[in-house]
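Morning, everyone. I will start with one term and then walk through the chain.

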Amino acid sequence: RLLDDKLRDTDAARKRYDDLCAEHDHLRQTKDDEIAVLQAGMDQSIVAMAKLRSQADGSAGDLQRRLDDMRREHARKLRLILDSILRSCAETADEAVFALADPSNAGRSTATAEHVLATIEQVHDSGNALAASFAGYLANPDGDQTQVISAAVGLSNGLEHLLGNIKGVVRLASGEDAVERIVKAARQTALVGRQFFTKGQSGAMERLLAAERPGVILDTNRELQQSLGTLTALAEGLVPKDASRVSVATTNEDVSDLVEREMLNAARAIDEAAARLQALANQPRDASLTDHQVQVHDAILDSSMAMTNAIAQLIRAATASQQEIVAQGRGSSSKAAFYKKNNRWTEGLISAAKAVAVATNMLVETADGVIKGTLSIEHLVVAAREVSAATVQLVAASRVKSQLYSKTQERLELAAKAVTEASAHLVRATQRLSEKEEHAKQEDFDQMSNLEFKSKEMDQQVMILKLEKDL
């Protein structure tokens with residue numbers, strides 16, 4: 001019995017053991033299934049991550065390619081813009097050369113040799129600036145083009161201004177050979193400068209090796225400077241031989257003192273001219289004068305005084321403009337160093353200021369002569385026009401170095417406009433008075449026979465030819 005009890009316990013223990021083993025196997029199978037599910041999920045996640053990474057790499061590559069394409073397209077459009085501007089600059093040079101050769105174009109009649117030399121100096125600086133900016137651009141073709149554009153436009157405008165002044169200043173040359181040499185040198189300068197605008201275009205540059213491109217620009221600038229040197233030597237021969245003329249390049253005097261003294265002298269001369277006109281106006285009237293003569297004298301004095309007042313404003317504006325130009329252009333150097341460096345411009349400025357003072361004094365002398373009866377009204381018209389021409393010279397001399405949109409230069413331009421308007425008013429007033437006198441003396445051509453009329457016409461033509469020869 002005891003054995004049977006032990007056997008039953010043994011069977012019960014074995015049964016529990018079998019149940020535990022079965023439960024363990026079931027749990028292990030369950031865990032294995034869970035692990036298999038997790039592994040499958042992880043494998044899917046790894047596959048999905050790999051796919052996403054591949055897609056991300058492809059998207060980044062596409063984005064980079066699109067950015068590169070946009071960058072290349074942008075650079076291409078910038079090159080097209082630069083090429084268009086350079087072609088426009090070349091056309092400006094061509095038009096200047098055409099105008100130089102056009103016999104119907106007399107050029108700027110108010111041009112002076114000093115102003116031409118100052119303009120040559122400006123073109124010289126513009127050529128160097130364009131060569132330097134081109135060198136920087138060629139080192140990085142996808143970089144900033146604004147300096148190249150600004151320098152190119154400055155050079156083309158400078159060449160156009162130079163040739164217009166050359167055409168006007170050759171009137172001072174002695175003989176056709178001298179004129180031809182100057183015109184030929186000016187044309188050659190413009191054509192060499194034009195090469196900047198043709199050789200600098202992208203089509204021309206792409207035909208060259210990258211290492212050759214800077215050399216082409218430097219060679220062009222070297223040729224331009226040589227042509228300017230030849231033109232300078234010819235233009236110097238047109239400068240009037242004035243014993244009182246001071247060469248800024250060789251003077252031992254402080255140039256800044258010299259310039260300020262000349263500007264002060266010009267202002268003093270204008271003040272003296274105004275005082276003299278006032279003295280003429282205050283003189284007692286000659287009782288023998290007719291009402292018409294009194295009217296003439298009053299009109300001359302009023303118009304002349306208006307002109308001298310406008311000229312005084314002009315000189316003050318020119319002085320302020322000159323001081324601003326020096327302050328902006330000298331940098332850390334002294335005023336004297338700036339004047340020495342830009343000696344052609346300085347001499348042109350001094351010459352223009354002197355021309356205004358001389359023309360104003362001539363105007364006053366002429367007005368006095370007309371009032372006293374020793375000069376004619378036509379003399380006064382010529383004197384007024386000389387003042388206008390001298391005013392143009394002074395404004396042009398200042399404009400060579402002035403900054404764009406400068407307020408002082410704008411005031412100078414307005415002062416010059418006031419002088420021109422006063423001159424035009426004086427000319428109109430004197431011509432009206434002259435016409436009244438001429439009308440009383442006018443011959444009745446309708447009463448002449450054909451022979452008398454033709455004889456009179458030939459006499460007038462002979463007089464014109466003599467005057468043209470004297471002029």
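Contact means heavy atoms within 4.5 Å. Keep that in mind for Leu363. Leaving aside neighbours within four places in sequence, Leu363 is in contact with Met307, Leu380, Ala383, Ala384, Val387 and Leu426.

Some ground rules. This is a predicted model, where local features need pLDDT of at least 70 and side-chain atom pairs count only at pLDDT 80 or more, while totals for chains, interfaces and linings use all residues. Residues are numbered from 1 along each chain as its sequence is written, and side-chain values use heavy atoms, with hydrogens and water left out.

Now the overall picture. How many helices and strands does the chain have? The secondary structure comes to 13 helices and zero strands. Helices (H or I, at least four residues) and strands (E, at least two) are DSSP runs, numbered from the N terminus. From that end, the elements read α-α-α-α-α-α-α-α-α-α-α-α-α.

The chain has 471 residues, and 37% of them count as buried. Buried means under 20% relative accessible area, exposed means over 50%, and partly exposed is in between (1.4 Å probe, protein chains only). The chain exposes about 27,800 Å², and carbon and sulfur atoms supply 55% of that. Those areas come from the Shrake-Rupley method with a 1.4 Å probe; for residues, only the protein chains shown count as cover.

Next, contacts along the sequence. Residues 24 or more positions apart account for 82% of them.

On to the cores. In soluble globular proteins, nonpolar side chains tend to be buried together. A nonpolar core here is a set of buried Ala, Val, Leu, Ile, Met, Phe, Trp, Tyr and Cys residues joined through side-chain atoms within 4.5 Å. The largest one has 55 residues. Which residues have the most contacts inside it? They are Met307, Leu314, Trp345, Val356, Leu363 and Leu394. The elements that give two or more residues to this core are H7 (255-282), H8 (291-329), H9 (335-341), H10 (343-372), H11 (377-399) and H12 (407-441). H8 gives the most, with 13 residues. There is also a second, separate core of 47 residues, which includes Val123, Ala151, Ala186 and Phe197.

Let's look at one helix pair. Two packed helices are described by the angle between their axes and the distance between the axes. The axes of H3 (residues 146-169) and H4 (residues 176-199) come within 10 Å and cross at roughly 170°. So H3 is roughly antiparallel to H4. The cut-offs are these: under 35 degrees is roughly parallel, over 145 roughly antiparallel, 65 to 115 roughly perpendicular, and the rest oblique. Axes are lines fitted to C-alpha atoms, for helices over the stretch in contact, and angles run from 0 to 180 degrees between N-to-C directions.

Who makes this contact? From H3, the residues include Leu155, Leu159 and Ile166; from H4, they include Ile182, Ala190 and Phe197. The residues of the contact divide into 11 nonpolar, three polar and no charged. For those classes, Ala, Val, Leu, Ile, Met, Phe, Trp, Tyr, Cys and Pro count as nonpolar, Asp, Glu, Lys and Arg as charged, and the others, Gly among them, as polar.

Now a few single residues. Val97 lies in H1 (residues 2-101). Val97 counts as buried because its relative accessible area is 15%. Not counting residues up to four places away in sequence, Val97 touches Leu163, Arg187, Ala190 and Leu191.

Ala111 sits in the loop between H1 and H2. Is Ala111 buried or exposed? Its relative accessibility is 2%, so Ala111 counts as buried. Ala111 and Ala389 are 278 residues apart in sequence, but 8.6 Å apart in space, C-alpha to C-alpha.

Asn221 is in H6 (residues 213-236). Asn221 counts as buried, at 10% relative accessibility. Leaving out residues up to four places away in sequence, Asn221 touches Gly127, Asn128, Ala131 and Phe196.

Last one: Asp302, in H8. With a relative accessible area of 53%, Asp302 is exposed.
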